[in-house]
Each structure stands twice: as structure tokens, then as C-alpha cells.
Amino acid sequence: MAFKYSSVTKKVIMALAGLFLISFLIVHLSINLLLLFDKSGELFNLAAHFMATNPVIQVFQIVLFGGIFLHIILGIILQIQNWLARPKRYKVEGYSQTSFFSKFMIHTGAVILALLFIHLSDFFFRAKFGEIGEVLIGGNWYEDMATLVIEEFKELPEVLMYVVWLLFLGFHLDHAFHSALQSLGLNHSKYTPVAFGISRALAILIAGGFILIPVLIYINQ
Ligand code: HEM
């Protein structure tokens, strides 16, 4: 019984962390899209500066990395418990109400995590610990993060890597939102199609929005 209870608790924490990560992705995407709407890069640089210096955001950043860690660790534990608990014969059972990608959450998650390390070393660690060029905006000097991103996406292999990564993110998100609602006990058969629809819309908008950035920067260079 304790095993079952702790499993439910793990799912709830994982769902809350996952929903928090989705909200991070929406904020992150909104800021990154500034690169496409303002070709000077000034708005993006000002937003990046705000995100890197505002004390409240700094606290959120610690919560963010904690959320990523919890989501991953609990995801791995639940997956292992699932593998151990489920006898093989259930695998051939017929229809179950899940999306295609629900069966591959651990796999898509692993790819996202692996490439997240590359992403962080491309930008985040460089911004924190490396040398970044500076740019004058309104009489003040700011780190030129826009040029860092634009230079990165002038290379085709880099663009392709990001597109593949972001497709996996889309596959992962396709199952994420409605699955989180289910783990939080907020599912009702009447609203299931709506939750599925929101999940799919989030997957397409978030992954598609992110994909536009490297692709359009590469095409327009
Ligand atoms: C085209 C897509 C993306 C671009 C251009 C981009 C750009 C950036 C940049 C420039 C930073 C450094 C910000 C700074 O330190 O000032 C950053 C940080 C970060 N990115 Fe991305 N990003 C993209 C997609 C993603 C995705 C899909 C994820 C998650 C799956 C992600 C997760 C993070 C995290 C966790 C950080 C560190 C925390 C933070 O700075 O807010 N990014 N990204």
C-alpha cells in the first residue's frame, strides 16, 4: 500500500514539475521570438539582461533547475517501477486511451535531456562563465546574447540538431499536459478530448515556435 501511495505522490510531484516546466518553456519561447520580431536584437538583449539580473528571476532559476531535476529523477523511478510491475502479457492488450507518444516518454525525455546539456553549454554556461561581446543600447552596455544566438544558427549542423531536439520536445509535450492533469486527478471522461487537444496544441505551438528560430535565422542570414 505504501508503495502505491508513494507512487501516486511521485506522479503528482512529477506532474506539478512538468506543468511548471511547460510554463517556463512558454516564457522562454516568448523571449526568444523577440529575435525574429526585432532584427536589431535590442529587445532580446534587454529581455535576456532582465532575466539574468532580476533577483526574483534568479530565485525562479534555482526552482527551475530543481524542477528539471525532480521531473527527471521521478520520471526514471516511475518508469523502472512500471517496467518491473507490468507483466509482458499486458503489452499485447488491445485499445488503451493514450496517445502514440505516451509509450515513449522515457525515450523522448532522454533525448531532450542529452541535447539540453549541449544547449546549456551553447548559451547558458557561455553567458554565465564565458566571454560575451557587449553592445550599447540606450547609453548602457549589455551582453550581446542576440549575436551569440544568431552566429550559432548560421551553421547548418547546429540548426539540424536543434530541429531534431525540438521535434523530440514536441513528441514529449504531445502527451505531457493531459497526462499531468490525469496525475493530478483532474481528468473527467467528458473533458478528456479537450485535454488531449490542449496537449497537442501546446506541443505544436511550443515546438513549432522554437523551431522557427534556428530555421528562420539560418534562411535569412
Ligand atoms: C531555438 C530554441 C532556443 C533558443 C534560441 C534558446 C536560447 C537560450 C539562451 C540564449 C539562453 C541563455 C539565457 C541567458 O543566460 O541569458 C538559454 C537558456 C536556457 N534554455 Fe534555451 N533556447 C532554446 C530552446 C530551449 C528549450 C527547448 C529548452 C528546454 C527543453 C531550453 C532550456 C533552457 C534552460 C533550462 C536555460 C537556462 C535557464 C535560463 O537561462 O533561463 N531552451 N536558452
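## Order of elements

From the N terminus on, the chain runs α-α-α-α-β-β-α-α-α, which comes to seven helices and two strands. Helices here are DSSP runs of H or I with at least four residues, strands are E runs of at least two, and both are numbered from the N terminus. Keep in mind that this is a predicted model: local features need pLDDT of at least 70, side-chain atom pairs count only at pLDDT 80 or more, and totals for chains, interfaces and linings use all residues. Residues are numbered from 1 along each chain as its sequence is written.

## Overall build

Taken along the principal axes, the C-alpha atoms fill a box of roughly 65 × 35 × 30 Å. Of the 221 residues in the chain, 21% are buried (20 or more other C-beta atoms within 10 Å of the residue's own, with C-beta atoms placed from the backbone).

Now for contacts, meaning pairs whose C-beta atoms, placed from the backbone, lie within 7 Å. Among those between residues at least 6 apart in sequence, 76% join residues at least 24 apart.

## The hairpin

Strand 1 (residues 134-137) and strand 2 (residues 140-143) run antiparallel and are joined by four bridges; for two strands to pair, DSSP has to find at least two bridges between them. Glu 134 has Glu 143 in strand 2 as its bridge partner. Two residues sit between the strands of this hairpin, where Gly 138 takes a positive phi near 55°.

The largest nonpolar core has 27 residues, and Leu 166, Leu 169, Leu 173 and Ala 207 touch the most other members. A core like this is a set of buried Ala, Val, Leu, Ile, Met, Phe, Trp, Tyr and Cys residues joined through C-beta atoms within 7 Å. Helix 6 gives the largest share of this core, 11 residues. Skipping its neighbours within four places in sequence, Leu 169 is in contact with Ile 112 and Ala 207.

Ala 207 is also one of the buried residues of helix 7, along with Ser 199, Ala 203, Ile 206, Phe 210, Ile 213 and Pro 214.

## Around the ligand

There are 21 residues around the ligand, and Ala 48, Phe 123, Phe 124, Ala 127 and Ile 213 come nearest (the cut-off is a C-beta atom, placed from the backbone, within 6 Å of the molecule). Helix 4 supplies the largest share of that shell, seven residues.

By class, the shell holds 17 nonpolar, four polar and no charged residues. Nonpolar covers Ala, Val, Leu, Ile, Met, Phe, Trp, Tyr, Cys and Pro, charged covers Asp, Glu, Lys and Arg, and the others, Gly among them, count as polar.

Note on methods
A residue is buried if 20 or more other C-beta atoms lie within 10 Å of its own, exposed if 12 or fewer, and partly exposed in between; C-beta atoms are placed from the backbone. Two residues are in contact if their C-beta atoms, placed from the backbone, lie within 7 Å.
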